[in-house]
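Please read the following points alongside the sequence and the model.

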Amino acid sequence: MERAVTGAIPGVERIAEAFSSARADGRRAALMPYLMGGFPDLATSAEIGLAYARAGADLVELGVPFSDPLADGPVIHAAGSAALRAGATLPGVLEVGRALAERVPVVVMCYANLIVTRGLERFADALVDSGASGLIVPDLPVEESEQALAACDERGLALVPLAAPTTPEQRLARIGAQARGFLYAVSLTGTTGERGRLDQGLATVLARVARHTAVPVAVGFGIGTPEQAAAAAAAGADGVIVGSRLVRAAGEAADPAAAVSELLRGFASALAGPLS
Amino acid sequence: MTAVEHRFGPYGGQYVPETLMPGLAELEAAWLAVRDDRGFKDELDALLRDYVGRPSPLYLAARLSKDLGHPVYLKREDLNHTGAHKINNALGQALLAKRIGKRRIIAETGAGQHGVAAATACALLDLECVVYMGTEDMRRQKPNVERMGLLGAHVEPVEAGVRTLKEAVSAAIRDWVTNVESTHYIIGSCVGPAPYPALVRDLQRVIGDEARAQILERTGRLPDRLIACVGGGSNAIGMFVPFLDDHDVQLIGVEAGGEGLDSGRHGAPLTAAGLPGVLHGAFSAVIQDEDGQILEAHSISAGLDYPGSGPEHAWLRDLGRARYVAVSDREALDAFARVARLEGIIPALESAHALAWALSNPAGELDLICLSGRGDKDLAEALAELERS
Ligand SMILES: Cc1ncc(COP(=O)(O)O)c(C=O)c1O
């Protein structure tokens, strides 16, 4: 799955490519692990990212730690705080992304304040410079994202919006229309974190979302086992995002890169083979 | 019908996870519907009168005035039921929650005053109540933790960060992200995503409306200076708003200077005037590092121990309409002790910041200070600090 350097290709295209080749390879959905940049420290997080790429990631979601992550549950919140204590900064995390982007498309997940504080244009330039393909801002609803969308569009970066189970039809249309790269469907009403079971309404949510957008739909939040990943694919997801489970392993294991590799292979094989 | 403001100049907005957006829209629509509704207004006014004890008195603090050399009036929010201005907002929002059919209430609290107010409103209106509170604040505001328990609320300890107000707000917002369909979040100050800053201001402006009428009746004139402490800024905005067009009235917001603005250990984002940022859903004055990480605030007063500020205050500051200043822990403690002796009033440590600034900056002919709450909750903490010095 490792790909050659694709520096000149705009991020939106690279992301589209990643989703379509997952399909072309006969897999059920694209696999997108989440990496907390700088956790447990920058060097180890870089190794974890490369381990993701080797173990079957189609794309990597690279989280930038933030002091007040309102969309995150305890595992990612704690990892972000630990990363900050270990000295992670946005430039440091983007360097982790740079090495990773040589192998897989990188979508940066970053809270609004880190963008606002730097200034949108400067931030977007730094993303492009690091080789990132897309951007997810979990606290930037469509009402607030007009300028960010323009800045990303200008640079070929995909600004990926989120849709939630609580999102009404009219908003979905607006979100779907301005989705670039893919649309991030939040599987449940809540923050990130592992759950015992997938939300029962997931298939309905996915069907609703898909009606309103031309881009692939990836599901995240609450997917912590290969079975849940397979079920999300069966429910209609074009991509599956795995976060807290991997971050937890990175925090617990003596050899984080080896631990996440093994886990990710499990997710990859659950998504191997076409939907029956 | 005027809209509910989302922005105050460049400040405000709705920087929250998508999951909450429908909840915010529902809240805004509900507020628009009841804001000018006779039935709602009558119900709230009756409660404010018979249950809270409004109007709160305007008191000419004679000995304080003598010290300062000019008349000083205190708006006695400390005499409200539950002991602070927070009840004005909590009752209004709890009534609103009932209207939109939400029977579970969450709130955050720093000093515990807002938590107690929310717990009280929920007891009165038969609503379930969960209050998030940092464990450091649970320690320093213990009486309020006990009051909340007695009132039937569940206090949820928050262990993140330095275990104070910022983390309590974050924890409450995360709860709301999970339970938005069944739950109303009663935020305790004019902060957070729209419509909260406008909603809380509208519910707190009763302070200023009353004070304006009272001071005109008593003195036949408007004050030279209005002085109020600013944590998130709800007692101050409630006091200021009815006077905004009275251009001769100076508006002064007093923030927590903590150990000094230079020390970095303070709660004065408006005064320090660093780069603004996004915290808890709004773009406003914040305390942050160059990378954009929000820093921990510090104040002896749990209610002012917050690195953010209401967006309308940031705008009033930029417009030059209001001025923001900071008072140190030490000065606030001294004013706490001094006003107790001078007036027989033990102020909340928050309110003591407003008093301290007035005491050390005598000017003009007539001051009106918002005494936002009483200091019973602060006795242990303040006495220990006073003894140490
Ligand atoms: C008595 C009192 N005054 C002031 C405040 C600060 O809040 P605000 O700035 O919203 O008025 C608090 C907060 O807990 C308080 O308890």
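1. Buried means under 20% relative accessible area, exposed over 50%, and partly exposed in between (1.4 Å probe, protein chains only). Because Glu18(B) has 6% relative accessibility, Glu18(B) counts as buried. The model is predicted: local features need pLDDT of at least 70, side-chain atom pairs count only at pLDDT 80 or more, and totals for chains, interfaces and linings use all residues. Residues are numbered from 1 along each chain as its sequence is written, and side-chain values use heavy atoms, with hydrogens and water left out.

2. A salt bridge is a side-chain nitrogen of Lys or Arg within 4 Å of a carboxyl oxygen of Asp or Glu. By this rule, 58 salt bridges are counted over all chains.

3. One of them pairs Glu18(B) with Arg171(A), with the closest N and O atoms 2.7 Å apart. Glu18(B) lies in the loop between β2 (11-12) and α1 (21-35) of chain B and Arg171(A) in helix α8 (residues 169-177) of chain A, so this pair joins two chains; helices (H or I, at least four residues) and strands (E, at least two) are DSSP runs, numbered from the N terminus. Arg171(A) is also buried, at 14% relative accessibility.

4. Within chain B, Asp246(B) forms a salt bridge with Arg212(B), the closest N and O atoms being 2.9 Å apart. Asp246(B) is buried at 14% relative accessibility, whereas Arg212(B) is partly exposed at 25%.

5. Leu379(B), in helix α15 (residues 379-388) of chain B, is partly exposed at 35% relative accessibility.

Definitions and conventions
Chains lettered and ligands numbered in written order.
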